[in-house]
Amino acid sequence: LEAAVNPPAVHINYNNFPAKLWRLINNPQNDSVFWSPDGESVIVDQQRFEDELLSPLKQDAKLFKTTNFTSFIRQLNLYGFRKVCDRSFKDRRRNLHHFHNPVFRQGRPELLVHMKRLTISNKAKMEAGEQVTCRHILKVT
Amino acid sequence: LEAAVNPPAVHINYNNFPAKLWRLINNPQNDSVFWSPDGESVIVDQQRFEDELLSPLKQDAKLFKTTNFTSFIRQLNLYGFRKVCDRSFKDRRRNLHHFHNPVFRQGRPELLVHMKRLTISNKAKMEAGEQVTCRHILKVT
Amino acid sequence: LEAAVNPPAVHINYNNFPAKLWRLINNPQNDSVFWSPDGESVIVDQQRFEDELLSPLKQDAKLFKTTNFTSFIRQLNLYGFRKVCDRSFKDRRRNLHHFHNPVFRQGRPELLVHMKRLTISNKAKMEAGEQVTCRHILKVT
DNA sequence: AGCGTTCTAGAATATTCGAAG
DNA sequence: CCTTCGAATATTCTAGAACGC
(Lines give C-alpha, C1' and ligand atoms only; values in the text may rest on other atoms or scores of the structure.)
Protein backbone atom coordinates (compact mmCIF):
# COMPACT_ATOMS: atom_id res chain seq x y z
CA LEU A 1 0.00 0.00 0.00
CA GLU A 2 2.73 2.38 0.92
CA ALA A 3 4.42 1.50 -2.32
CA ALA A 4 1.33 2.63 -4.19
CA VAL A 5 1.36 6.00 -2.46
CA ASN A 6 5.10 6.49 -2.63
CA PRO A 7 6.16 4.40 -5.57
CA PRO A 8 9.85 3.65 -5.58
CA ALA A 9 11.75 5.63 -8.16
CA VAL A 10 12.04 3.60 -11.31
CA HIS A 11 15.14 3.72 -13.39
CA ILE A 12 15.16 2.05 -16.73
CA ASN A 13 17.91 2.29 -19.23
CA TYR A 14 17.27 5.13 -21.61
CA ASN A 15 18.45 3.42 -24.76
CA ASN A 16 16.79 0.07 -24.37
CA PHE A 17 13.59 -0.92 -26.02
CA PRO A 18 11.22 -0.70 -23.04
CA ALA A 19 12.32 2.87 -22.29
CA LYS A 20 12.07 3.93 -25.90
CA LEU A 21 8.58 2.52 -26.21
CA TRP A 22 7.55 4.13 -22.94
CA ARG A 23 8.80 7.53 -24.03
CA LEU A 24 7.18 7.19 -27.42
CA ILE A 25 3.76 6.25 -26.17
CA ASN A 26 3.74 8.97 -23.55
CA ASN A 27 5.02 11.66 -25.85
CA PRO A 28 2.14 13.90 -26.93
CA GLN A 29 4.16 14.93 -30.00
CA ASN A 30 4.10 11.38 -31.24
CA ASP A 31 1.02 10.11 -33.03
CA SER A 32 2.14 6.73 -34.29
CA VAL A 33 2.06 4.86 -30.97
CA PHE A 34 -0.66 5.36 -28.38
CA TRP A 35 -2.54 3.71 -25.55
CA SER A 36 -5.77 1.85 -26.12
CA PRO A 37 -8.75 3.57 -24.44
CA ASP A 38 -8.48 1.34 -21.36
CA GLY A 39 -4.73 2.01 -21.06
CA GLU A 40 -4.07 -1.71 -21.12
CA SER A 41 -2.43 -2.04 -24.46
CA VAL A 42 -0.44 -0.40 -27.18
CA ILE A 43 -1.71 0.61 -30.57
CA VAL A 44 0.68 1.24 -33.41
CA ASP A 45 -0.20 2.96 -36.64
CA GLN A 46 2.15 1.26 -39.05
CA GLN A 47 2.15 3.88 -41.80
CA ARG A 48 2.85 6.75 -39.44
CA PHE A 49 5.39 4.72 -37.52
CA GLU A 50 7.28 3.94 -40.70
CA ASP A 51 7.08 7.49 -42.00
CA GLU A 52 8.03 9.23 -38.78
CA LEU A 53 10.35 6.83 -37.03
CA LEU A 54 11.79 4.37 -39.50
CA SER A 55 12.36 6.44 -42.62
CA PRO A 56 16.02 6.34 -43.67
CA LEU A 57 15.69 9.97 -44.70
CA LYS A 58 15.63 11.02 -41.05
CA GLN A 59 19.00 9.61 -40.12
CA ASP A 60 19.94 11.94 -37.28
CA ALA A 61 17.39 11.82 -34.56
CA LYS A 62 16.39 8.27 -35.26
CA LEU A 63 15.28 6.33 -32.23
CA PHE A 64 15.79 3.00 -33.95
CA LYS A 65 18.50 1.94 -36.29
CA THR A 66 16.20 -0.27 -38.26
CA THR A 67 14.08 0.81 -41.20
CA ASN A 68 11.91 -2.30 -41.06
CA PHE A 69 8.63 -2.41 -39.22
CA THR A 70 9.10 -6.14 -38.74
CA SER A 71 12.14 -5.52 -36.57
CA PHE A 72 9.98 -3.42 -34.29
CA ILE A 73 7.44 -6.25 -34.11
CA ARG A 74 10.25 -8.67 -33.28
CA GLN A 75 11.21 -6.45 -30.35
CA LEU A 76 7.63 -6.32 -29.11
CA ASN A 77 7.46 -10.10 -29.14
CA LEU A 78 10.87 -10.47 -27.54
CA TYR A 79 9.70 -8.32 -24.64
CA GLY A 80 6.51 -10.31 -24.17
CA PHE A 81 3.92 -8.36 -26.12
CA ARG A 82 1.22 -10.41 -27.83
CA LYS A 83 -1.03 -9.25 -30.57
CA VAL A 84 -4.66 -8.57 -29.73
CA CYS A 85 -7.18 -9.02 -32.47
CA ASP A 86 -9.66 -6.28 -31.91
CA ARG A 87 -12.19 -5.77 -34.69
CA SER A 88 -13.19 -2.36 -33.43
CA PHE A 89 -9.78 -1.03 -34.27
CA LYS A 90 -9.81 -2.23 -37.83
CA ASP A 91 -9.47 0.52 -40.34
CA ARG A 92 -9.52 -0.08 -44.04
CA ARG A 93 -6.94 2.55 -44.83
CA ARG A 94 -4.74 2.30 -41.76
CA ASN A 95 -2.81 -0.65 -40.50
CA LEU A 96 -3.34 -0.48 -36.75
CA HIS A 97 -1.59 -3.07 -34.63
CA HIS A 98 -2.82 -3.76 -31.15
CA PHE A 99 -0.37 -5.33 -28.69
CA HIS A 100 -0.72 -6.29 -25.06
CA ASN A 101 1.76 -6.85 -22.28
CA PRO A 102 0.56 -7.19 -18.69
CA VAL A 103 3.53 -5.19 -17.39
CA PHE A 104 3.23 -2.33 -19.84
CA ARG A 105 0.30 -0.22 -18.72
CA GLN A 106 -0.61 3.43 -18.80
CA GLY A 107 0.40 5.27 -15.65
CA ARG A 108 2.27 2.27 -14.22
CA PRO A 109 5.96 2.86 -14.92
CA GLU A 110 6.88 0.82 -11.86
CA LEU A 111 5.77 -2.31 -13.69
CA LEU A 112 8.43 -1.86 -16.34
CA VAL A 113 11.04 -3.47 -14.17
CA HIS A 114 9.21 -6.76 -14.66
CA MET A 115 9.86 -6.76 -18.36
CA LYS A 116 11.96 -9.64 -19.51
CA ARG A 117 13.67 -10.13 -22.78
CA LEU A 118 12.47 -13.57 -23.83
CA THR A 119 15.57 -14.98 -25.43
CA ILE A 120 16.11 -18.70 -25.43
CA SER A 121 18.67 -18.54 -22.68
CA ASN A 122 16.54 -16.25 -20.54
CA LYS A 123 13.59 -18.56 -20.94
CA ALA A 124 15.72 -21.53 -19.94
CA LYS A 125 16.90 -19.66 -16.86
CA MET A 126 13.38 -18.73 -15.91
CA GLU A 127 12.28 -22.35 -16.35
CA ALA A 128 15.05 -23.40 -14.00
CA GLY A 129 14.03 -20.76 -11.51
CA GLU A 130 17.23 -18.80 -11.93
CA GLN A 131 17.66 -15.04 -11.98
CA VAL A 132 17.58 -13.28 -15.30
CA THR A 133 19.73 -10.22 -15.73
CA CYS A 134 17.99 -7.39 -17.50
CA ARG A 135 20.12 -4.58 -18.62
CA HIS A 136 17.19 -2.27 -19.15
CA ILE A 137 16.79 -1.98 -15.41
CA LEU A 138 19.26 0.40 -13.86
CA LYS A 139 20.56 -0.82 -10.56
CA VAL A 140 20.80 2.26 -8.41
CA THR A 141 22.54 1.36 -5.24
CA LEU B 1 21.56 33.59 -32.21
CA GLU B 2 24.25 35.63 -30.61
CA ALA B 3 25.84 32.42 -29.43
CA ALA B 4 26.12 31.23 -32.99
CA VAL B 5 28.00 34.34 -34.00
CA ASN B 6 30.15 34.65 -30.93
CA PRO B 7 30.32 31.23 -29.41
CA PRO B 8 31.33 31.38 -25.77
CA ALA B 9 34.83 30.18 -25.04
CA VAL B 10 34.70 26.49 -24.36
CA HIS B 11 36.86 24.89 -21.79
CA ILE B 12 37.00 21.19 -21.74
CA ASN B 13 39.71 19.14 -20.22
CA TYR B 14 42.48 18.86 -22.75
CA ASN B 15 43.33 15.27 -22.06
CA ASN B 16 39.89 13.76 -21.88
CA PHE B 17 38.23 11.87 -24.66
CA PRO B 18 35.82 14.53 -25.94
CA ALA B 19 38.64 17.05 -26.30
CA LYS B 20 40.91 14.57 -28.02
CA LEU B 21 38.23 13.66 -30.50
CA TRP B 22 37.41 17.32 -31.12
CA ARG B 23 41.04 18.15 -31.81
CA LEU B 24 41.45 15.14 -34.05
CA ILE B 25 38.42 15.76 -36.21
CA ASN B 26 39.25 19.44 -36.64
CA ASN B 27 42.90 18.85 -37.38
CA PRO B 28 43.55 19.17 -41.11
CA GLN B 29 46.70 17.04 -40.71
CA ASN B 30 44.58 14.14 -39.61
CA ASP B 31 42.82 12.05 -42.22
CA SER B 32 41.47 9.16 -40.20
CA VAL B 33 38.61 10.99 -38.48
CA PHE B 34 36.44 13.53 -40.26
CA TRP B 35 33.01 15.11 -40.33
CA SER B 36 30.20 13.72 -42.45
CA PRO B 37 29.17 16.09 -45.25
CA ASP B 38 26.33 17.54 -43.19
CA GLY B 39 28.61 18.05 -40.17
CA GLU B 40 26.25 16.05 -38.03
CA SER B 41 28.34 13.00 -37.44
CA VAL B 42 31.76 11.52 -37.23
CA ILE B 43 33.33 9.21 -39.74
CA VAL B 44 36.29 7.06 -38.81
CA ASP B 45 38.51 5.25 -41.25
CA GLN B 46 39.53 2.23 -39.24
CA GLN B 47 42.67 1.31 -41.18
CA ARG B 48 44.10 4.79 -41.10
CA PHE B 49 43.08 5.28 -37.49
CA GLU B 50 44.89 2.12 -36.49
CA ASP B 51 47.94 2.92 -38.56
CA GLU B 52 48.29 6.52 -37.55
CA LEU B 53 46.96 6.69 -34.03
CA LEU B 54 47.00 3.27 -32.43
CA SER B 55 50.14 1.69 -33.81
CA PRO B 56 52.59 0.75 -31.05
CA LEU B 57 55.34 1.84 -33.43
CA LYS B 58 54.42 5.46 -32.94
CA GLN B 59 54.90 5.60 -29.22
CA ASP B 60 55.82 9.29 -29.14
CA ALA B 61 52.86 11.21 -30.29
CA LYS B 62 50.30 8.66 -29.24
CA LEU B 63 47.04 10.24 -28.21
CA PHE B 64 45.59 7.03 -26.77
CA LYS B 65 47.12 4.45 -24.54
CA THR B 66 45.34 1.60 -26.26
CA THR B 67 46.28 -0.17 -29.44
CA ASN B 68 42.81 -1.63 -29.94
CA PHE B 69 40.26 -0.02 -32.14
CA THR B 70 37.51 -1.56 -30.05
CA SER B 71 38.59 0.50 -27.07
CA PHE B 72 38.09 3.61 -29.13
CA ILE B 73 34.60 2.40 -30.02
CA ARG B 74 33.93 1.77 -26.33
CA GLN B 75 34.80 5.39 -25.62
CA LEU B 76 32.52 6.63 -28.36
CA ASN B 77 29.67 4.64 -26.87
CA LEU B 78 30.50 5.74 -23.34
CA TYR B 79 30.13 9.34 -24.44
CA GLY B 80 26.82 8.77 -26.17
CA PHE B 81 27.82 8.17 -29.75
CA ARG B 82 25.78 5.63 -31.64
CA LYS B 83 26.63 3.95 -34.86
CA VAL B 84 24.74 5.07 -37.93
CA CYS B 85 24.28 2.51 -40.63
CA ASP B 86 24.37 4.59 -43.73
CA ARG B 87 24.50 2.62 -46.94
CA SER B 88 25.80 5.55 -48.92
CA PHE B 89 29.01 5.60 -46.91
CA LYS B 90 29.85 1.99 -47.53
CA ASP B 91 33.12 1.52 -49.22
CA ARG B 92 34.25 -1.92 -50.20
CA ARG B 93 37.92 -1.23 -49.65
CA ARG B 94 37.73 0.92 -46.53
CA ASN B 95 36.17 0.24 -43.20
CA LEU B 96 34.36 3.48 -42.53
CA HIS B 97 32.47 3.82 -39.26
CA HIS B 98 29.79 6.43 -38.97
CA PHE B 99 28.88 7.63 -35.47
CA HIS B 100 26.39 10.22 -34.33
CA ASN B 101 26.05 12.27 -31.17
CA PRO B 102 23.61 15.16 -31.02
CA VAL B 103 26.02 17.26 -28.97
CA PHE B 104 29.05 16.69 -31.17
CA ARG B 105 28.58 18.80 -34.25
CA GLN B 106 30.80 20.66 -36.64
CA GLY B 107 31.26 24.29 -35.66
CA ARG B 108 29.41 23.87 -32.36
CA PRO B 109 32.08 23.51 -29.68
CA GLU B 110 29.74 25.01 -27.10
CA LEU B 111 27.66 21.84 -27.21
CA LEU B 112 30.56 19.77 -25.94
CA VAL B 113 29.78 20.71 -22.35
CA HIS B 114 26.67 18.57 -22.62
CA MET B 115 28.69 15.46 -23.19
CA LYS B 116 28.18 12.99 -20.43
CA ARG B 117 30.16 9.93 -19.67
CA LEU B 118 27.39 7.35 -19.53
CA THR B 119 28.42 5.28 -16.60
CA ILE B 120 25.71 3.45 -14.75
CA SER B 121 25.66 5.91 -11.89
CA ASN B 122 25.55 8.88 -14.23
CA LYS B 123 22.68 7.34 -16.15
CA ALA B 124 20.77 6.68 -12.95
CA LYS B 125 21.32 10.25 -11.81
CA MET B 126 20.14 11.59 -15.13
CA GLU B 127 17.05 9.39 -14.99
CA ALA B 128 16.35 10.81 -11.55
CA GLY B 129 16.79 14.34 -12.85
CA GLU B 130 19.95 15.08 -10.90
CA GLN B 131 23.02 16.96 -12.03
CA VAL B 132 25.92 15.02 -13.37
CA THR B 133 29.40 16.28 -12.86
CA CYS B 134 31.83 15.70 -15.65
CA ARG B 135 35.49 16.08 -15.05
CA HIS B 136 36.13 16.78 -18.68
CA ILE B 137 34.37 20.10 -18.36
CA LEU B 138 36.59 22.75 -16.88
CA LYS B 139 34.54 25.22 -14.96
CA VAL B 140 35.96 28.59 -15.83
CA THR B 141 33.08 30.94 -15.20
CA LEU C 1 20.53 -32.10 -73.98
CA GLU C 2 17.45 -33.01 -75.90
CA ALA C 3 15.41 -31.80 -72.95
CA ALA C 4 17.05 -28.42 -73.27
CA VAL C 5 16.07 -28.19 -76.91
CA ASN C 6 12.59 -29.62 -76.51
CA PRO C 7 11.69 -28.99 -72.89
CA PRO C 8 8.76 -31.08 -71.72
CA ALA C 9 5.55 -29.11 -71.31
CA VAL C 10 5.34 -27.82 -67.78
CA HIS C 11 2.06 -27.51 -66.00
CA ILE C 12 1.91 -25.85 -62.68
CA ASN C 13 -1.21 -24.97 -60.86
CA TYR C 14 -2.32 -21.54 -61.91
CA ASN C 15 -3.40 -20.36 -58.50
CA ASN C 16 -0.50 -21.52 -56.40
CA PHE C 17 2.36 -19.37 -55.29
CA PRO C 18 5.05 -20.55 -57.72
CA ALA C 19 2.80 -19.90 -60.72
CA LYS C 20 1.73 -16.51 -59.45
CA LEU C 21 5.32 -15.44 -58.91
CA TRP C 22 6.33 -16.76 -62.32
CA ARG C 23 3.55 -14.86 -64.07
CA LEU C 24 4.34 -11.70 -62.12
CA ILE C 25 8.04 -11.64 -62.84
CA ASN C 26 7.53 -12.36 -66.52
CA ASN C 27 4.75 -9.85 -66.95
CA PRO C 28 6.11 -6.72 -68.64
CA GLN C 29 3.19 -4.73 -67.20
CA ASN C 30 4.47 -5.41 -63.71
CA ASP C 31 7.31 -3.33 -62.32
CA SER C 32 7.45 -4.45 -58.70
CA VAL C 33 9.04 -7.87 -59.27
CA PHE C 34 11.80 -8.46 -61.77
CA TRP C 35 14.79 -10.65 -62.60
CA SER C 36 18.27 -9.72 -61.49
CA PRO C 37 20.57 -8.91 -64.42
CA ASP C 38 21.94 -12.46 -64.52
CA GLY C 39 18.46 -13.97 -64.41
CA GLU C 40 19.41 -16.00 -61.37
CA SER C 41 17.33 -14.28 -58.77
CA VAL C 42 14.29 -12.27 -57.99
CA ILE C 43 14.21 -8.63 -57.01
CA VAL C 44 11.20 -7.16 -55.29
CA ASP C 45 10.54 -3.47 -54.86
CA GLN C 46 8.64 -3.43 -51.59
CA GLN C 47 6.93 -0.06 -51.98
CA ARG C 48 5.65 -0.81 -55.45
CA PHE C 49 4.67 -4.33 -54.51
CA GLU C 50 2.62 -3.06 -51.61
CA ASP C 51 1.04 -0.29 -53.60
CA GLU C 52 0.22 -2.29 -56.68
CA LEU C 53 -0.43 -5.78 -55.40
CA LEU C 54 -1.26 -5.69 -51.70
CA SER C 55 -3.23 -2.50 -51.29
CA PRO C 56 -6.70 -3.17 -49.88
CA LEU C 57 -7.92 -0.39 -52.13
CA LYS C 58 -7.46 -2.61 -55.19
CA GLN C 59 -9.79 -5.39 -54.13
CA ASP C 60 -10.77 -6.56 -57.61
CA ALA C 61 -7.76 -7.85 -59.39
CA LYS C 62 -5.83 -8.83 -56.29
CA LEU C 63 -3.48 -11.72 -56.81
CA PHE C 64 -2.97 -12.30 -53.10
CA LYS C 65 -5.45 -12.28 -50.28
CA THR C 66 -2.97 -10.72 -47.87
CA THR C 67 -2.19 -7.06 -47.44
CA ASN C 68 1.06 -7.73 -45.60
CA PHE C 69 4.38 -7.82 -47.32
CA THR C 70 5.65 -10.17 -44.62
CA SER C 71 3.20 -12.84 -45.79
CA PHE C 72 4.75 -12.66 -49.22
CA ILE C 73 8.20 -13.07 -47.68
CA ARG C 74 6.93 -16.07 -45.71
CA GLN C 75 5.81 -17.65 -48.96
CA LEU C 76 9.19 -17.04 -50.57
CA ASN C 77 10.92 -18.74 -47.66
CA LEU C 78 8.40 -21.59 -47.61
CA TYR C 79 9.22 -22.29 -51.26
CA GLY C 80 12.95 -22.27 -50.68
CA PHE C 81 13.99 -18.74 -51.58
CA ARG C 82 16.84 -17.25 -49.53
CA LYS C 83 17.71 -13.62 -49.29
CA VAL C 84 20.82 -12.42 -51.07
CA CYS C 85 22.61 -9.45 -49.58
CA ASP C 86 23.79 -7.50 -52.52
CA ARG C 87 25.14 -4.05 -51.77
CA SER C 88 24.95 -2.95 -55.38
CA PHE C 89 21.17 -3.12 -55.25
CA LYS C 90 20.84 -0.92 -52.21
CA ASP C 91 18.84 2.18 -52.75
CA ARG C 92 18.30 4.78 -50.09
CA ARG C 93 14.72 5.50 -51.06
CA ARG C 94 13.62 2.08 -52.23
CA ASN C 95 13.48 -1.14 -50.33
CA LEU C 96 14.74 -3.69 -52.80
CA HIS C 97 14.74 -7.32 -51.72
CA HIS C 98 16.90 -9.81 -53.53
CA PHE C 99 15.93 -13.49 -53.29
CA HIS C 100 17.47 -16.58 -54.79
CA ASN C 101 16.16 -20.05 -55.50
CA PRO C 102 18.15 -22.47 -57.62
CA VAL C 103 15.00 -23.78 -59.32
CA PHE C 104 13.51 -20.39 -60.14
CA ARG C 105 15.48 -18.98 -63.03
CA GLN C 106 14.77 -16.79 -65.98
CA GLY C 107 13.82 -18.79 -69.08
CA ARG C 108 13.76 -22.09 -67.20
CA PRO C 109 10.10 -22.83 -66.45
CA GLU C 110 10.81 -26.57 -66.50
CA LEU C 111 12.69 -26.19 -63.22
CA LEU C 112 9.55 -25.03 -61.43
CA VAL C 113 8.38 -28.61 -60.91
CA HIS C 114 11.26 -29.02 -58.46
CA MET C 115 9.84 -26.42 -56.14
CA LYS C 116 8.92 -27.82 -52.77
CA ARG C 117 6.84 -26.27 -50.07
CA LEU C 118 9.12 -26.61 -47.09
CA THR C 119 6.66 -27.41 -44.36
CA ILE C 120 7.79 -29.41 -41.38
CA SER C 121 6.16 -32.57 -42.65
CA ASN C 122 7.58 -32.17 -46.15
CA LYS C 123 11.04 -31.67 -44.78
CA ALA C 124 10.67 -34.79 -42.66
CA LYS C 125 9.58 -36.77 -45.71
CA MET C 126 12.49 -35.49 -47.76
CA GLU C 127 14.89 -36.39 -44.94
CA ALA C 128 13.47 -39.91 -44.99
CA GLY C 129 13.86 -40.08 -48.77
CA GLU C 130 10.12 -40.21 -49.39
CA GLN C 131 8.15 -38.54 -52.16
CA VAL C 132 6.64 -35.18 -51.45
CA THR C 133 3.37 -34.35 -53.03
CA CYS C 134 3.14 -30.85 -54.37
CA ARG C 135 -0.22 -29.67 -55.46
CA HIS C 136 1.22 -26.87 -57.48
CA ILE C 137 2.45 -29.36 -60.05
CA LEU C 138 -0.24 -30.51 -62.42
CA LYS C 139 0.30 -34.10 -63.46
CA VAL C 140 -0.75 -34.27 -67.08
CA THR C 141 0.99 -37.33 -68.45
C1' DA D 1 -3.95 -33.30 -46.74
C1' DG D 2 -2.08 -29.19 -49.03
C1' DC D 3 -2.01 -24.22 -49.35
C1' DG D 4 -2.13 -19.32 -47.82
C1' DT D 5 -2.05 -16.24 -44.06
C1' DT D 6 -0.78 -14.68 -39.53
C1' DC D 7 1.69 -14.42 -35.32
C1' DT D 8 5.60 -15.76 -32.73
C1' DA D 9 10.14 -17.60 -32.10
C1' DG D 10 14.87 -19.50 -33.32
C1' DA D 11 19.34 -18.42 -34.93
C1' DA D 12 23.14 -15.60 -36.46
C1' DT D 13 25.46 -11.40 -36.48
C1' DA D 14 26.33 -6.53 -35.26
C1' DT D 15 26.26 -3.16 -31.71
C1' DT D 16 26.22 -1.51 -27.07
C1' DC D 17 26.91 -1.94 -22.27
C1' DG D 18 28.40 -3.46 -17.27
C1' DA D 19 31.93 -4.44 -14.45
C1' DA D 20 36.55 -4.98 -13.05
C1' DG D 21 41.22 -3.53 -13.03
C1' DC E 1 38.84 8.42 -16.60
C1' DC E 2 40.67 4.75 -19.73
C1' DT E 3 41.03 0.04 -21.12
C1' DT E 4 39.54 -4.65 -21.58
C1' DC E 5 36.45 -8.45 -21.89
C1' DG E 6 32.43 -10.92 -21.75
C1' DA E 7 27.59 -10.60 -21.94
C1' DA E 8 23.11 -8.35 -23.10
C1' DT E 9 20.65 -6.05 -26.66
C1' DA E 10 19.22 -4.83 -31.52
C1' DT E 11 18.57 -6.27 -36.06
C1' DT E 12 17.85 -9.48 -39.74
C1' DC E 13 16.47 -13.60 -41.93
C1' DT E 14 14.19 -17.90 -41.62
C1' DA E 15 11.14 -21.21 -39.57
C1' DG E 16 7.51 -23.20 -36.37
C1' DA E 17 2.80 -23.34 -35.26
C1' DA E 18 -2.04 -22.57 -35.65
C1' DC E 19 -6.01 -21.78 -38.30
C1' DG E 20 -9.30 -21.48 -42.16
C1' DC E 21 -10.24 -22.93 -46.62
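Predicted model: local features only at pLDDT ≥ 70, side-chain atom pairs only at ≥ 80, totals over all residues.
**View 1. The protein surface around DNA strand D.** Among the 38 residues around DNA strand D, those that come nearest are Arg74(B), Phe17(C), Thr66(C), Ser71(C) and Arg117(C). Of the atoms of DNA strand D that come within 4 Å of the protein, 72% belong to sugar and phosphate.

**View 2. Side chains of chain A and chain C at DNA strand D.** In chain C, an N or O atom in the side chain of Arg117(C) is 2.3 Å from a base nitrogen of DNA strand D. Elements that give two or more residues to this surface include α5 (120–127) of chain A and α4 (69–78) of chain C, and α4(C) gives the most, with four residues.

**View 3. The contact between chain B and chain A.** Chain B brings 13 residues to this contact and chain A brings 13 residues, and between them the two chains bury about 1,000 Å², 50% of it on carbon and sulfur atoms. Two residue pairs are in polar contact across the interface, while zero salt bridges are found there. On the side of chain B that touches chain A, β3 (82–83) and α5 (120–127) each supply at least two residues, and α5(B) gives the most, with four residues.

How values were computed. Residues numbered from 1 in each chain as written. Chains lettered and ligands numbered in written order. Heavy atoms only, no water. Contact = heavy atoms within 4.5 Å. Buried area = accessible area lost by both parts, 1.4 Å probe. Salt bridge = Lys/Arg side-chain N within 4 Å of Asp/Glu carboxyl O. Polar contact = N/O pair within 3.5 Å; in protein donor to acceptor, adjacent residues only side chain to side chain. Near = heavy atom within 4 Å.
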